[in-house]
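Reader: Please walk me through this one, feature by feature. I would like the general idea before each case.

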Amino acid sequence: MSRRYKVLALVGDGIAHEIVPEALKLLDAVQTVYGFDLEVLGPYEFGAKYYAYHDMKTGWDPAVTRELLFEADCWFKGPVGLPEYLNRLPGPYLPINQRLDMDVYANVRPCRLRPGVDSVLVGREPGDIDYIVLRENTEQMYVRVGGQLSRGGETELAVDNYIQTRKGCERIIRYGYELAMSGDYKGGAGAPVDGARRLTCAAKWGICRGDNLFKAVCEELEPGYPGVETDYAWIDAWSYWAIMRPDYYDVVVMPNQYGDIMSDMSGAVQGSMGLAGSINAGDAHCYAEPTHGSAPDIAGRGVANPTSLILSVGMMLNWLGDKRGDQRLKDAWRGIDDAVDTVLAARRVRTPDLGGSSSTAEFGDAVIGALAPP
Ligand code: NAD
């Protein structure tokens, strides 16, 4: 008998309330089209607003236990956080520190110029841009190893240590080589300009010792992947080249904070943050979330682009398909990705970030209507 997969849905803040319902509708529809069985748990509330409504005591619905987060086959969340609550919240948003506790070390953030989307880069056409920012997710500046010195109630010194380990470098770089070989999460394998499967290692060696290690590990692993061309770029130069020749890039692997910043820049390169999907993937766990935040500037108006989360849950299904050996889930990812392209290419239904006037729900409905059986 075919297995029933458990998928946990978490809402979050701001536009999460608008885009999460579209992801839920989509998951409902893809089960029928691709013939698999999901048990969707939730959606459950969590985040800054939840804290505020619960007297700043707890950040998540009590149904969301630590065990549930680990037991689900995978899960997804809308963006979380609101600027007015920054540094005011007493605890974490969830009962775990997601990225570290689940050891989801690979943050996969595709950047593709899709049909029907006008590029912000002059002269670039759909098909010209199709790369992945592969961000290491468990090291570098975001592991909170550091401290601060306060005297007389005033913070005088703050330190964040830059941590890079051999294990951390090795597994993310291997993940990058494997992504380049598989072509997963891309429109097609290889770089648009020449079809080469290319891994670009981007960091700041020569300055940061952690980045010397990152590059050295890549050089050690390079001979093991003869089918993939290895390319090295200083991260500052890469931010230039990504704009000047985005078609040269296929998979670009980088330490944590660089990936955080470069994937937002890549949101612009692909035409809108509302198109920027991502998964946080490890060997045992995966959760999906958009690259962007809660977009308080447009929240509550029903105009957010749900594509980011729709693509994220598609990627999550692909990850699950690989882990459980279930081709139907991988077909569903491809089907979701193609359906998004079909709707964008038609230029009839589009949200304001892409110059249209459709609502979030209208766009979500159009994607579901464009789902084609494998
Ligand atoms: P943001 O990513 O929320 O917004 C940046 C810009 O992109 C805004 O102009 C916004 O309108 C636009 N945008 C984002 N998503 C869109 C969508 N789906 N459709 C159309 N336009 C979209 O960045 P911000 O304003 O700096 O952050 C807002 C809050 O989100 C902050 O509290 C921040 O801490 C939080 N945040 C959360 C996450 C996360 O949950 N993973 C990530 C980043 C920021």
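Author: Let us start with proline 43, which sits in strand S2 (residues 37–44). Strands (E, at least two residues) and helices (H or I, at least four) are DSSP runs, numbered from the N terminus. This is a predicted model, in which local features need pLDDT of at least 70 and side-chain atom pairs count only at pLDDT 80 or more, while totals for chains, interfaces and linings use all residues. Residues are numbered from 1 along each chain as its sequence is written, and side-chain values use heavy atoms, with hydrogens and water left out.

Reader: What kind of peptide bond joins glycine 42 and proline 43?

Author: Most peptide bonds are trans, and most residues other than glycine have a negative phi. The bond between glycine 42 and proline 43 is cis, with omega about 10°. As for phi, aspartate 103 has a positive value near 50°; this residue lies in the loop between helix H4 (98–101) and strand S4 (106–112).

Reader: Which atom of asparagine 305 lies 2.9 Å from a nitrogen atom of the ligand?

Author: A backbone N or O atom. The protein covers 68% of the 830 Å² of accessible area that the ligand has on its own (Shrake-Rupley method, 1.4 Å probe).

Reader: At what angle do helix H9 and helix H10 cross?

Author: Axes are lines fitted to C-alpha atoms over the stretch in contact, with angles from 0 to 180 degrees between N-to-C directions. Helix H9 (residues 307–324) and helix H10 (residues 327–346) cross at roughly 160°, their axes coming within 7 Å. H9 and H10 are therefore roughly antiparallel; angles under 35 degrees are roughly parallel, over 145 roughly antiparallel, 65 to 115 roughly perpendicular and the rest oblique.

Reader: How do H1 and H9 cross?

Author: The axes of H1 (residues 16–34) and H9 come within 9 Å and cross at roughly 40°, so H1 is oblique to H9.

Methods:
A polar contact is a pair of N or O atoms within 3.5 Å; within protein, one must be able to donate a hydrogen and the other to accept it, and residues adjacent in sequence count only if both atoms are side-chain atoms.
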